[in-house]
Amino acid sequence: ATHKLLLLPGDGIGVEVMQEVKKLIAWLEKRGVASFALEEDLVGGAAYDAHKVSITDAAMARANAADAIIFGAVGGPKWDNVVYEQRPEAGLLRLRKELDLFANLRPAIVYPALADSSSLKREIVEGLDILIVRELTGGTYFGEPKEIVTLENGQQRAVDTQVYTTSEIERIASVAFELARVRKNLVHSAEKRNVMKSGLLWNQVVTRTHAAKFPDVKLEHILADNCAMQLVRNPKQFDVLVTDNLFGDILSDAASMLTGSLGMLPSASLGAEDRATGKRKAMYEPVHGSAPDITGKGLANPIAQIGSFGMALRYSLGLVEVADAIERSIARVLQQGHRTADIAALGEKTISTTEMGDAIIAALDRE
Ligand code: NAI
Ligand code: MG
């Protein structure tokens with residue numbers, strides 16, 4: 001099969017790290033490992049400069065038609081004074097909203113060679129590979145009423161509302177179970193059913209979804225506060241961790257500190273399943289931004305972007321073995337001591353963005 005990819009490099013180091021993904025794609029094609037129909041378009045400041053919008057309707061149409069979107073990063077001081085509606089981030093928000101990307105996937109992987117840069121002890125994190133699946137479009141951040149009102153006694157009263165419906169929980173739980181099947185087949189679902197009605201419903205719907213569609217996957221329920229503790233105490237007990245928007249925000253940030261640099265963190269956002277094809281809309285992007293402070297210097301670490309591409313292979317394109325091979329190559333390159341500046345220890349020799357990309361391809365070549 002030919003896989004339809006839309007590349008949206010964006011701004012700053014987004015363009016530089018995407019270059020390394022393009023090299024990797026060219027290598028995969030040359031080796032006959034996979035075949036891609038590649039499209040590329042502008043987003044963010046780059047789209048604004050060319051078209052006065054943060055993303056064009058034409059690019060949105062391409063995004064809708066793609067099997068997966070690989071996104072770089074957007075933004076930079078050049079566009080600080082652009083009207084709010086067309087600021088670079090608006091392009092990213094439009095993609096997330098129109099593709100209804102409700103499931104945010106944040107892996108936390110600790111490569112053995114970098115285990116000492118974790119905030120935890122080596123033996124606790126070495127070889128860690130967990131995936132947090134955060135619900136992204138519901139819950140406390142969006143629930144109504146959401147307001148601050150002034151009371152008769154002069155006090156102010158702030159209200160946020162946690163709202164979840166059966167279908168919202170069912171679809172995020174299904175994503176988590178599906179992903180577990182191409183991983184270690186274990187899902188932890190975190191909520192606070194002991195004190196929250198939404199937690200109780202979450203627990204019930206996850207249990208029902210599991211029984212109806214995914215009985216082959218192992219399911220554990222865990223209270224979200226205990227989950228935070230367990231992530232720090234013994235993170236390797238987890239494989240896939242599914243949770244709501246608010247708990248997911250906090251737990252995924254905590255989990256990211258178990259790993260090394262921002263330059264190492266990939267992510268994905270998945271949308272609804274297409275009834276006809278069974279495929280999900282999906283966008284893959286590094287967690288980091290456009291890093292104007294290092295743009296144009298060859299300093300950017302391309303591993304977060306390459307890792308995001310690897311997630312696309314694994315979760316959207318069904319190329320799990322290729323994704324595994326890329327992961328192994330990244331691990332091997334790090335083991336050999338190759339370091340971009342962001343992951344180098346003081347005094348350690350560093351290599352450039354391009355050299356890191358080349359090293360990963362060379363390691364793949366030796367597989
Ligand atoms: P940032 O993630 O761009 O940079 C934070 C720090 O990490 C900088 O010192 C940067 O040099 C370093 N860094 C980031 N990625 C790296 C990599 N791959 N290799 C080595 N070092 C790396 O966040 P910042 O500085 O807050 O924002 C810069 C611009 O990016 C802003 O315009 C912001 O709005 C935008 N941004 C865009 C995001 C996106 O496109 N999804 C996400 C976050 C910020
Ligand atoms: Mg956060």
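Which residues does UniProt list for "domain: Isopropylmalate dehydrogenase-like"? The unreviewed entry gives residues 4–360. Keep in mind that what you're looking at is a predicted model.

**Domains and how they meet**

- The chain splits into domain 1, made of 1–106 + 262–367, and domain 2, made of 129–257.
- Taken over C-alpha atoms, the centres of domain 1 and domain 2 are 26 Å apart.
- Where they touch, 14 residues of domain 1 are in contact with 16 residues of domain 2.
- On the domain 1 side, the elements that give two or more residues are β4 (103–109), β11 (266–273) and α10 (303–315).
- β4 makes the largest contribution to that side, with four residues.
- Sorted by class, the side of domain 1 that touches domain 2 has 10 nonpolar, two polar and two charged residues.

**Around ligand 1**

- Ligand 1 has 21 residues surrounding it.
- If you want a place to start looking, the closest ones are G75, G263, H288, G289 and N301.

**Annotated binding site**

- UniProt, again in an unreviewed entry, puts the "binding site" annotation on D225, D249 and D253.
- These positions are spread over 29 residues of sequence, yet they cluster in space, with a largest C-alpha distance of 14.4 Å.
- D249 belongs to helix α9, which runs over residues 245–256.

**A helix pair worth a look**

- Helix α11 (residues 320–335) and helix α12 (residues 353–365) have axes that come within 8 Å and cross at roughly 115°.
- The crossing of α11 past α12 is right-handed.
- From α11, the contact uses A325, I326, S329, I330, R332 and V333, while α12 brings in A359, I360, A363 and L364.
- By class, that contact between α11 and α12 counts eight nonpolar residues, one polar and one charged.

- Going from E144 to P145, the peptide bond is cis, with omega near 0°.
- P145 itself is in the loop that links β5 (129–135) and β6 (147–150).
- D100 has a phi near 50°, which is a positive value in a residue other than glycine.
- You'll find D100 in the loop between α4 (88–98) and β4; β4 is also the strand that gives four residues to the side of domain 1 touching domain 2.

Definitions and conventions
Residues are numbered from 1 along each chain as its sequence is written. Chains are lettered from A and ligands numbered from 1 in the order in which they are written. This is a predicted model: local features need pLDDT of at least 70, side-chain atom pairs count only at pLDDT 80 or more; totals for chains, interfaces and linings use all residues. A residue is near a molecule or strand if its C-beta atom, placed from the backbone, lies within 6 Å of it. Axes are lines fitted to C-alpha atoms, for helices over the stretch in contact, and angles run from 0 to 180 degrees between N-to-C directions. A crossing is left-handed if the near helix is turned anticlockwise from the far one by less than a right angle, and right-handed if clockwise. Two residues are in contact if their C-beta atoms, placed from the backbone, lie within 7 Å. Ala, Val, Leu, Ile, Met, Phe, Trp, Tyr, Cys and Pro count as nonpolar, Asp, Glu, Lys and Arg as charged, and the others, Gly among them, as polar. Domain bounds come from an automatic or database domain assignment. UniProt positions are given in the numbering used here, feature names are shortened, and annotations may be inferred rather than shown by experiment.
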